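Student: I have a model open and would like to go through it piece by piece. Shall we begin with the spaces inside?

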Amino acid sequence: MNEFNVGAFNDALLSWYEGEKRTLPWREGRDPYHIWVSEIMLQQTRVDTVIPYYENFISKFPTVTELANADEEDVLKAWEGLGYYSRVKNLQSAVREVHANYGGVVPNDPDEFEQLKGVGPYTKGAVMSIAYDLKVAAVDGNVMRVLARVFDIHEDISKQKTRKKFEEIVQQMLETAPPADFNQALMELGALVCKPRNPDCTVCPVATECRALQTGTVYELPVKAKKAKPRQSGIHSAILVDENDRVLIEKRPSTGLLADLWQFPSVEEEKSLSAFLEERYGLKPQLQKEEETFRHVFSHLIWTVTPFTGYIDERDIADSSKETMWVHKDELHRYSFPVVHQKIKKHFVGV
């Protein structure tokens with residue numbers, strides 16, 4: 001921060017934000033629960049994608065009490081398609097704690113709030129500053145990119161010590177700035193102007209304070225270690241229908257990837273789908289391999305799903321359980337499926 005004009009930077013940034021900030025539904029008020037929901041949704045997800053999900057979610061669960069008391073299946077259904085489902089499972093768990101221990105009011109103590117499940121340093125900073133106007137740094141990817149360029153910092157932003165460095169910088173800046181507007185302004189600048197590949201330095205309100213612009217290193221920053229290539233995984237899935245137009249679906253394990261979502265019976269392709277169906281469900285259907293395949297990319301994994309269709313006679317039906325359901329195709333919309341199985345459902349079942 002030596003020789004850096006914090007006052008000039010803050011004034012320019014806040015003036016720009018006042019005139020250029022986007023109109024977003026979670027900015028319509030200061031309800032800490034609503035802000036909390038929006039921040040969890042926005043993690044690793046684009047704003048345009050989040051808006052309809054946020055509006056639908058808040059309409060279904062407008063308060064801490066409604067979300068705390070909601071059935072998990074309904075909550076997962078409202079989240080269906082956003083991905084990273086552990087986010088909403090942790091959110092509901094944390095909200096239930098707020099309901100039980102804080103009278104349904106999101107605590108305004110940063111340390112207490114951070115103890116809730118799924119709340120990390122960024123979420124703490126965002127909710128505490130935006131909702132309660134507390135001087136707590138909120139450092140996300142946008143903020144790190146902006147500050148890496150402004151201060152010409154060439155340290156790896158994927159490292160925890162670098163994030164801490166940025167948090168310390170923001171904390172110092174907050175000493176002379178309104179927390180809610182300042183934190184949002186930094187994030188907004190990264191989202192609208194100081195973008196990853198095409199920063200528009202000609203309209204940047206803090207260009208005169210940007211050291212990377214002065215040294216010509218804007219496009220080199222931020223520095224981030226390359227991720228390992230995602231693992232490829234082939235999946236075989238069975239779309240089994242009976243004479244009453246019921247379809248067999250199974251629930252994924254309660255921990256791990258896509259926990260507690262429903263899918264068509266599936267197995268990794270190095271194993272036999274027929275053997276899996278017989279061993280797990282006692283079924284021996286004649287399976288027809290379909291030509292279509294469905295691909296889904298996770299951050300660490302790429303699924304290529306090959307569907308197999310089959311018909312099940314009434315006398316061969318496996319019993320339903322909490323983890324297995326025979327569901328009429330017109331009722332499938334009640335259940336939460338991963339995106340790739342939503343595509344399969346629409347293609348082969350028509351819903």
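Tutor: The largest cavity holds about 110 Å³ of space. A cavity here is a set of points on a 1 Å grid over the protein atoms alone where a 1.4 Å probe fits but cannot get out; lining residues have an atom within 4 Å of a point. Points are joined across faces, edges and corners, and a volume is the space filled by probe spheres set on them. Of its 15 lining residues, the closest to the centre are Arg149, Cys194, Cys201, Cys204 and Cys210.
This is a predicted model: local features need pLDDT of at least 70, side-chain atom pairs count only at pLDDT 80 or more, and totals for chains, interfaces and linings use all residues. Residues are numbered from 1 along each chain as its sequence is written, and side-chain values use heavy atoms, with hydrogens and water left out.

Student: Which helix gives the largest share of the lining of the largest cavity?

Tutor: By class, that lining has 13 nonpolar, no polar and two charged residues. Ala, Val, Leu, Ile, Met, Phe, Trp, Tyr, Cys and Pro count as nonpolar, Asp, Glu, Lys and Arg as charged, the others, Gly among them, as polar. Helices are DSSP runs of H or I, at least four residues, and strands runs of E, at least two, numbered from the N terminus. The largest share, three residues, comes from residues 141–150, helix α9.

Student: How many charged residues line the second largest pocket?

Tutor: A pocket is an open set with protein on both sides within 12 Å along at least five of seven lines. This one holds about 300 Å³, and the closest to its centre among 16 lining residues are Arg252, Gln263, Ser266, Val267 and Trp303. Its lining has six nonpolar and three polar residues, and the charged ones number seven.

Student: Why do the buried residues of α13 line one face of the helix?

Tutor: Buried means under 20% relative accessible area (1.4 Å probe, protein chains only). In α13, residues 273–281, these are Leu273, Phe276, Leu277 and Tyr281. They line one face because, by directions from the helix axis to the C-beta atoms, they fall within an arc of 95°.

Student: Is Thr293 buried, exposed or partly exposed?

Tutor: Thr293 lies in the loop between β5 (288–289) and β6 (294–297). Exposed means over 50%, and partly exposed is between the two cut-offs. At 48% relative accessibility, Thr293 counts as partly exposed.
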